[in-house]
Amino acid sequence: MNAKAIAAWGIAAAVLVALAFAPSYLGPYGIGLMIGIAGYVTLATAWALFSGPTRYVSLATVAFFGIGAYTVAVLSESLPYPLVLLAAAAIGLVVALVVGLSTLRLAGVYFVIFTFGLAELIRQLVTWYEVNVTGTLGRYIFLDLGPEDIYWQLLALAAVTLLLAWWIGRSRIGLALKVIGDDEVVAAHCGIDIARVKLALFALSAVIITLVGAIQAPRWTYVEPAIVFNPTISFLTLIMALLGGANRLWGPLLGAVPLFLLFEWLSANFPNHYSIILGLLFIAIVFVLPKGVLAFTEKLWKRGRAR
Amino acid sequence: MIVTAILAGLVLGGTYALIAMGLTLQYGIARIMNLAYGDMIITAAFLAFALYSGAGINPLIGLAIAAPAGFILGYAVYALMMHPLVARAKDRVSLETDSILATFGLLFVIQGVLFVIFGGNYTSYSYLNVPVTILGTNIAANRLLAFVLAVVIGGLLYLALTRTRWGTALRAVAVSPSSAALVGIDVDRQARFAFALGGALAACGGVVISMYQTFTAASGVVFTMKALIVVIMGGVGNVLGALSAGLILGLVETFVATYLDPGLTLAATYLIFLVILLWRPSGLFGRSAR
Amino acid sequence: MLEIGDLSLRYGQHLALDQVNLRAAKGETVVILGANGAGKSSLLKSIAGMVKPVAGSSIALEGRVLTGRPAHEIVEMGVALVPEGRGIFGDLTVEENLLLGAYAKRARNGESSRRAFVYELFPKLAQRRAQYANTMSGGEQQMVAIGRALMSAPDFLMLDEPSLGLAPVVVTELFATLRRVRETGVGLIIVEQNVKVSLSIADRGYLMEAGRIVGEDTAEALLRDPAVQRAFLGMNTETSK
Amino acid sequence: MTTLLEISGLTKQFGGLTAVDGVTFSMDKGEVVGLLGPNGSGKTTVLNMVSGLLPPTRGTVMLNGETLTGLSPNRIALKGVARTFQLVRILPSLSVLENVVAALAFGRRRLWGTVARDEALARLEQVGLADRADETAERLTYIDQKRMELARALAADPAVLLLDEWLAGLNPTELRIGIDLVASLGERGVTVLLVEHVMDAVRALCGRCVVMNAGKTIADGRTADVLADAEVVRAYLGAEHA
Amino acid sequence: EDRKSVRIGYAVSKTGPNAGGAGITTIPNYVLWVKDVNDAGGLELPDGSKLPIEVVEYDDRSSAEEVVRAVERLATQDKVDFMLVPWGTGFNLAVAPLFDRFGYPQLAVSAVTDKAPEFVKRWKKSFWLLGGGHDYARALAAVLVEANKAGTINNKVAMISIADGFGIDLVTAARPAFKEAGLEVAYDKTYPIGTSDFTPLINEAKASGADTFVAFSYPPDTFALTQQSQVTAFNPKVLYLGVGTGFPVYFKNNGENATGIMSLGGIDPNNQENAAYRKRHEEVTGQGPDYWGSVITYASLQMLQEAIKRKGLDREAVSEELSTGTFNTVLGETKLEDNQLRQLWWTGQWQNGQFVGVAPANRPGASKVVLPRQPWKAQ
Ligand SMILES: Nc1ncnc2c1ncn2[C@@H]1O[C@H](COP(=O)(O)OP(=O)(O)OP(=O)(O)O)[C@@H](O)[C@H]1O
Ligand SMILES: Nc1ncnc2c1ncn2[C@@H]1O[C@H](COP(=O)(O)OP(=O)(O)OP(=O)(O)O)[C@@H](O)[C@H]1O
Ligand SMILES: [Mg+2]
Ligand SMILES: [Mg+2]
């Protein structure tokens, strides 16, 4: 029992170390891939932190992602980099608290579309502010950060996020989230302070997402609302987490990695029929893996062991 | 000025309401969150465009072709793709998840096909772009058509859904499919019909919009999201809600553009949407029960 | 005649019904007794087409096969169910619930007189026609569920614990009404924990245990059966003698 | 005896409908009181206001001299009020055990880990569900779900327990077990407010009854007296039960 | 080594929101050029040998992250010899550091930026071919001042712009340029991407009393503005609309009504090379080129082709040649100044079914501006 736990931690640590050395054996393209994967693994895991157990499907991902990226764009010239990240996290936190407080009464699809509207509202406000107050729209980020630096930061963030997800899953607050996801009336009658729990988790998840945006931004040199507030990011995050299984620790990761590689493979090989093939594959996945990738792998695993 | 603003706002809102009608049926009644909805609209728009510029067929006749085609497409999509998902869903949440994932795939397929056939270019033509003077204000006939269609379809649907047994049965399917079967309602058939009807309405919207709005194969998502906002703001499954929400958004947009700052129109529409949801968490006409 | 032969039902590994045989005639009242988890609700749900029994089971109404038919067709053929947990349309009004009760084609004739009958039976519903069903009290919802089933003009009416949550005076009225319903030629199949009252209007009764039928007799005989008395009537057999 | 729960002038309006109309009564510690009344008379609504699910239109609820009115349900739960629901509310995707642990982890005792597990198993044992602890809650039958709900309410270690038709749907054998269970709670000092239509249970359990009709209290007193009251018989019991 | 082909790679938005722009300005020209070159036997090298082009293409799906990774893939996995640029200012900037790092010359066409002089210092092998907002704004101001002097129009301008990189760049340049020219900006508003109804803006612009209406707009807005101006009988004497005015479909949809409308870009109607290019473009791709970026895209490819012919496949040398050489393209004789193309038509106008360059007026081949524009005719 205990030996097994030690082994699991050991393996996790070894994998992490191996991943950290990836830049030395992967070319620039490989690093680019790893950045994308680490980014989406973090996004999906952070998203599932809140949305998985509570079933509050959020489309506000890109709002925080964009806030992170924009903060870097605005502050990168005037503050040292670590402080910029800190500032991004702080702004993300404040926005998350405001958003969290305002969405407490919403449920189901109303919450989903509310968060979408919110992301769009933030994008519109940023645009309006830039246009009317600063008089520019695009901003340039000339930070001296190579792809390796971005990769290492994302890898670290991904590891921390998974660790947090693991810890929350075993902790009281994890149970509170599940209870809230099942029935809020019961949750309240059990003594759970629903608002506080929801807010805390939403904020945590949002801060991580903000950091992903902040860390990735220097890769694009040029940042504008249409680029960093692209709703596709929200949708992909959601789809990856759902596909992997948003209720399990490894679910989002197992959704993000294969899906990302699939996207990559398709766009590398079928630039002209990408959409059609992707769409068909997607539909096929929904039909073949009704309970998500993780449930499927678990089933295979069990079957394998039963033999 | 104010009359002009009101008229312009109502007419713009008519477009929003028109595109939302079908979605509120598909999501509100057939319980399918159809992310490919906007792409169905765009498909119809391309169809109208192809008929008009390729075969010289008047878009009004195009409407008569596209609506049944949309119905058939919706019917087929439900029967082939959605029915198995509905049948295996153990509760509403899992059906929602599955339908989001599946229609997300469908969205890519439709978009991909449109890209292959029509390319990525901006497509636009103009039809019925003639002024109609109402209360001294010139309004484009094509936009007026959208408004009139929205009001007529919305009104008819509302009456059908609330005043007839058939419509009540459709709503019953939305409220509780398992109980609906217990009173003799063929849930699958009703849902399929509602979804197909939603497809027909999407097609109508697409044809009318193509007369005055530029579109590309990628524009579907924009329409889906706009329609979703209207549907949610009105209350899921509520046709009158969709109609009023659409008109409100149109009015807000026009008034902000006229009296405040055109740069804030979208911000204002999202803001009003958010405020309405905060005030009524289940939309304007939604019932508070989950 | 409703005939059930060798009906078995599985939930995954769990065998909830095990070769159940049962029959009920039109105009007859049959009560099914059994402990918690015996499979009574499962039996009614299988007949109503809400769950699919295993192959080899047979359910027939007047010789016509019901097995494998979807629930909505079964209603059309004349079998209605008031399910456990009520299953009313919460987001519709009381009136709309009743309207839908008469959705089946067979129920369209005489709809208004049946509606009048339901309103007479439960005056509360007439007062609250326009109220949304999910804001009704628990007992009021039960009335909606029973009323809705009556609206479908069934040949056989199955009730899963109809008295649950009803005030004593309403329960008395309900069973008086069920007696009247039976007199119109409708067959009744009732699952009830309120055994005394239900047996008092019943012709026959079945005993279920762990998914099987373990006994069958006339209502009077069951009322006198010491085992039944011990298990279902809350009587201590020694003292009651 | 000391007054534990005090309800005064409690009123609830839904639109034009006054569902509860100036209800006033109090309960002593360890008392088991029946709250009776015809369907729709406002019993559940009273419980909802006590547990904080609904805010009252007027009136107050006090526990041990502390005002509960205006507090959120979770605060009220922490003050020692637990309940079951007329239409059972389970946490369908959690296991039976977790359903009970939920009340332990966030309740007054804040138990967690093996302590919580053992305690939860003990509560399940009490309602006869210990052997199904690891099943998913949604697979239980309706009655078993009700039992689980009671175990959850008990796990909160309540001072006041609100039972909304918890005994409904039990067969006589089960009913007797249920009655014994509730009676034992009363003996252990738990104050129970029992909404019930099963008269055998009310007679066996409640020393006192409050009867409501159309939102108002129409009787409050010793059970035998109340059940013989002419108006109670007319409005609620019917001639047969009198 | 014995090569069989030259690998040319590009990532461009074939799908997504940017596909509309890329689909008219960029992709057809890439297709056309590759066909032209390969039909002629391939790319010529200094020794006179010819190698056919082998294309490696990706779809960036209008995502910044995707275009960055696709360029990395082209450079390090596919190891292409040369890379063509993606569509759009933002995307050209996003990939600029990569082109620089991997040593590829970047002939950025569909990127309008006033910062080009800075960029050429930061990324030595980058070339910016479409000018900046100031160029277009000043040229327009000059046209307006001219017309005002002639008494054709008053000195008021109503101006709207899209809240996106392009619109903002142009409007921030236009404000000082108009002021300097003594023009009064009577209405100046920005609208968000996705606006579909312009009635309120048109009404306000109408009410402002300006004879000139300027919209720095994107194609869908340009089309909608044209339609809605007709319906509301809005007839400014000068109508200047943004991107999309130079699309062939614009003339197709508006016919005679297009005449007199102005926009960015244009052509010299007497340039035979250009006319031939337009014809070939239509034959090969099935659609006409637009009158602004298309021809420049094609010209940039011709420059690359010629530089390779002179210097071979050495990217360093080719970059050097692009920067200093003089080339014969469909634009005529073309030479970059400080890695930027400055011989551009800053303002054009629809005349006789063609969108002709009218400013700079002193550039050879310039057409004369015809103002005022005729009021809308019923179609
Ligand atoms: N959906 C389900 N999935 C798995 N098992 C189920 C399901 N529904 C019922 N069961 C099991 O089947 C058995 C019979 O259940 P059923 O509801 O028919 O009993 P019942 O006699 O109606 O009991 P009660 O008196 O509690 O209503 C029980 O053991 C129950 O746990
Ligand atoms: N949300 C609501 N909106 C409107 N009316 C309501 C609402 N909730 C309850 N009511 C009404 O208030 C009255 C009291 O309901 P309540 O549930 O308290 O009754 P009850 O005494 O518990 O009855 P039962 O014994 O049937 O459970 C009922 O007539 C019910 O219809
Ligand atoms: Mg049962
Ligand atoms: Mg109640």
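Is Ser41(C) buried or exposed? Ser41(C) counts as buried, at 12% relative accessibility. The structure is a predicted model. A search of the whole structure finds 56 salt bridges over all chains.

**Magnesium site in chain C**

- Ser41(C) and Glu84(C) coordinate the magnesium ion that is ligand 3. Ser41(C) gives its OG atom and Glu84(C) an OE atom, at 1.9 to 2.3 Å.
- Ser41(C) belongs to helix H1 (residues 40-48) of chain C, while Glu84(C) sits in the loop between strand E6 (79-82) and helix H3 (94-101) of that chain, so the two tie together parts that are 43 residues apart in sequence.
- Ser41(C) falls in the buried class because its 12% relative accessibility is under the 20% limit.
- Glu84(C) is partly exposed, with a relative accessibility of 32%.

**Magnesium site in chain D**

- The magnesium ion that is ligand 4 is coordinated by OG1 of Thr44(D) and OE1 of Gln86(D), at 1.9 to 2.1 Å.
- Thr44(D) is part of helix H1 (residues 43-51) of chain D; Gln86(D) is in the loop between strand E6 (81-83) and helix H3 (96-106) of chain D, so parts that are 42 residues apart in sequence are tied together.
- Thr44(D) counts as partly exposed, at 23% relative accessibility.
- Gln86(D) is buried, and its relative accessible area is 12%.

**Helix packing in chain A**

- Helix H4 (residues 61-75) of chain A packs against helix H6 (residues 108-134) of chain A. Their axes are 8 Å apart, at an angle of about 30 degrees.
- H4(A) and H6(A) are therefore roughly parallel to each other, as the limit for that class is under 35 degrees.
- H4(A) contributes Val62(A), Ala63(A), Ile67(A) and Tyr70(A) to the contact. H6(A) contributes Ala119(A), Ile122(A), Val126(A) and Glu130(A).
- The contact of H4(A) with H6(A) holds 7 nonpolar residues, no polar ones and 1 charged.

**Salt bridge in chain C**

- Glu73(C) and Arg69(C) form a salt bridge, with the closest N and O atoms 3.2 Å apart.
- Glu73(C) is partly exposed, with a relative accessible area of 30%.
- Arg69(C) is partly exposed, with a relative accessible area of 30%.

**Salt bridge in chain D**

- Arg208(D) pairs with Asp220(D) in a salt bridge, the closest N and O atoms being 3.1 Å apart.
- This pair links distant parts of the chain, 12 residues apart. Arg208(D) is in strand E9 (residues 208-213) of chain D, and Asp220(D) is in strand E10 (residues 216-222) of chain D.
- Arg208(D) is buried, at a relative accessible area of 15%.
- Asp220(D) counts as partly exposed, at 41% relative accessibility.

**Salt bridge in chain E**

- A salt bridge joins the side chains of Arg7(E) and Glu54(E), at 2.9 Å from N to O.
- Arg7(E) lies in strand E1 (residues 6-12) of chain E and Glu54(E) in strand E4 (residues 53-59) of chain E, so the bridge connects parts that are 47 residues apart in sequence.
- Arg7(E) is partly exposed, at 24% relative accessibility.
- Glu54(E) is partly exposed, with a relative accessible area of 32%.

**Salt-bridge network of chains A and E**

- A network of salt bridges links Arg219(A) and Glu264(A) with Arg61(E), Glu65(E), Glu66(E), Arg69(E), Glu72(E) and Arg73(E).

Methods
Residues are numbered from 1 along each chain as its sequence is written. Chains are lettered from A and ligands numbered from 1 in the order in which they are written. This is a predicted model: local features need pLDDT of at least 70, side-chain atom pairs count only at pLDDT 80 or more; totals for chains, interfaces and linings use all residues. Side-chain values use heavy atoms; hydrogens and water are left out. A salt bridge is a side-chain nitrogen of Lys or Arg within 4 Å of a carboxyl oxygen of Asp or Glu. Buried means under 20% relative accessible area, exposed over 50%, partly exposed in between (1.4 Å probe, protein chains only). Helices (H or I, at least four residues) and strands (E, at least two) are DSSP runs, numbered from the N terminus. Axes are lines fitted to C-alpha atoms, for helices over the stretch in contact, and angles run from 0 to 180 degrees between N-to-C directions. Angles under 35 degrees count as roughly parallel, over 145 as roughly antiparallel, 65 to 115 as roughly perpendicular and the rest as oblique. Contact means heavy atoms within 4.5 Å. Ala, Val, Leu, Ile, Met, Phe, Trp, Tyr, Cys and Pro count as nonpolar, Asp, Glu, Lys and Arg as charged, and the others, Gly among them, as polar. Donors are N, O and S atoms within 2.8 Å of the metal (3.2 Å for Na, K and Ca); water is not among the atoms, so sites may look incomplete.
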